[in-house]
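The sequence and the structure come first, and the description follows.

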Amino acid sequence: MNSEDPLGPLHPDFALQFQRDDRRPKCQLYVISPLDVGGGFPDRLKRALEAGPVAAFQFRVKDIDQHSAAALAEPLQRICADADVAFIVNDSIALAKRLGADGVHLGQGDGDPREARAQLGPAAQIGVTCHDSRHLAMEAGEAGADYVAFGAFYPTTTKTTEHVADPVLLSWWSTVFEIPCVAIGGITPVNAPPLIRAGADFLAVSGAVWGGDEAAAVRAFEAVLAA
């Protein structure tokens with residue numbers, strides 16, 4: 001379902017008028033981990049990052065204590081550092097601080113960007129999930145977020161879809177604000193082009209990479225993003 005945005009719906013013609021600002025960097029790939037990052041996953045991550053350009057990797061695990069999460073995260077963080085890929089922790093400001101991560105991604109119930117900034121420092125990359133809401137995105141920007149994430153744009157099995165976003169939201173945000181926007185939700189190399197054209201600064205992907213050959217998937221996204 002779509003949430004009720006206090007700002008109301010965008011005019012459908014907005015996307016038709018959109019032109020990406022040439023001063024804005026080209027859209028980049030933002031890879032999110034599967035929930036199972038044990039076993040041979042570090043080797044898969046290394047293979048993915050060697051296959052093509054990836055801007056950021058988000059460490060996303062659920063229902064384990066911080067000590068166990070840190071033990072799983074540390075080898076992955078080293079792989080990202082070696083590849084010059086930003087290592088972002090999902091949900092937990094405390095874990096991000098413990099690891100000295102490059103940043104944290106906050107859902108709407110995971111804490112305030114101001115708290116994250118105070119804990120993690122001025123250099124940390126702080127992202128906020130904003131679903132399909134311009135209002136939430138503006139609040140995140142005012143609170144000091146470094147990027148806002150909209151979605152889901154397509155059906156996804158990675159997590160339960162409660163909000164469905166329209167690509168015009170990316171066009172509006174990119175026109176009005178300099179803060180980067182991330183598109184998330186069921187994105188594949190096949191369905192990514194409309195989101196890139198609409199103004200996404202990053203494509204956040206998980207299942208499309210880890211559901212098969214991760215290196216081939218990264219190469220496929222690289223081709224789409226370079227087009």
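## The barrel

In this predicted model, eight strands close into a barrel, in the order 1-2-3-4-5-6-7-8, and their pairing is parallel. From one strand to the next, the twist averages 25°.

Helix 3, made of residues 66-82, packs on the sheet and touches strand 2 (56-59) and strand 3 (86-90). The direction of helix 3 makes about 175° with that of strand 2.

## Nonpolar cores

The largest nonpolar core has 63 residues. Leu-45, Phe-57, Phe-59, Phe-87, Phe-150, Leu-170 and Leu-203 are the residues with the most contacts inside this core. A second core of nine residues is separate, and Tyr-30, Val-182, Phe-202 and Ala-204 are among its members.

What does Phe-59 contact, leaving aside its neighbours within four places in sequence? The partners are Ser-33, Val-37, Ala-69, Leu-72, Ala-73, Leu-76, Phe-87, Ile-88, Val-89, Asn-90 and Leu-95.

## Ser-33

Ser-33 belongs to the loop between strand 1 (28-32) and helix 2 (41-51). Is this serine, Ser-33, buried or exposed? The relative accessible area of Ser-33 is 1%, and the limit for a buried residue is under 20%, so Ser-33 counts as buried.

A polar atom of the Ser-33 side chain lies 2.9 Å from the backbone nitrogen of Arg-60. Not counting residues up to four places away in sequence, Ser-33 touches Phe-41, Phe-57, Gln-58, Phe-59, Arg-60, Ser-206 and Trp-210.

## Helix 6

Helix 6 covers residues 134-142, and its buried residues are Arg-134, Leu-136, Ala-137 and Ala-140. Seen down the helix axis, these buried residues fall within an arc of 160°, so they line one face of helix 6. An α-helix has 3.6 residues a turn, so residues three or four places apart point the same way. The cover over the buried residues of helix 6 includes strand 5 (125-129), strand 6 (147-151) and helix 7 (168-176).

Both ends of the helix have a feature to point out. At the start of helix 6, a side-chain oxygen of Ser-133 reaches to within 3.3 Å of the backbone nitrogen of His-135. Gly-144 follows helix 6, and the phi of Gly-144 is positive, near 100°.

Terms used
Residues are numbered from 1 along each chain as its sequence is written. This is a predicted model: local features need pLDDT of at least 70, side-chain atom pairs count only at pLDDT 80 or more; totals for chains, interfaces and linings use all residues. Side-chain values use heavy atoms; hydrogens and water are left out. Helices (H or I, at least four residues) and strands (E, at least two) are DSSP runs, numbered from the N terminus. Buried means under 20% relative accessible area, exposed over 50%, partly exposed in between (1.4 Å probe, protein chains only). A polar contact is a pair of N or O atoms within 3.5 Å; within protein, one must be able to donate a hydrogen and the other to accept it, and residues adjacent in sequence count only if both atoms are side-chain atoms. Contact means heavy atoms within 4.5 Å. The arc is that of the directions from the helix axis to the C-beta atoms. Two strands pair if DSSP finds at least two bridges between them. Axes are lines fitted to C-alpha atoms, for helices over the stretch in contact, and angles run from 0 to 180 degrees between N-to-C directions. A nonpolar core is a set of buried Ala, Val, Leu, Ile, Met, Phe, Trp, Tyr and Cys residues joined through side-chain atoms within 4.5 Å.
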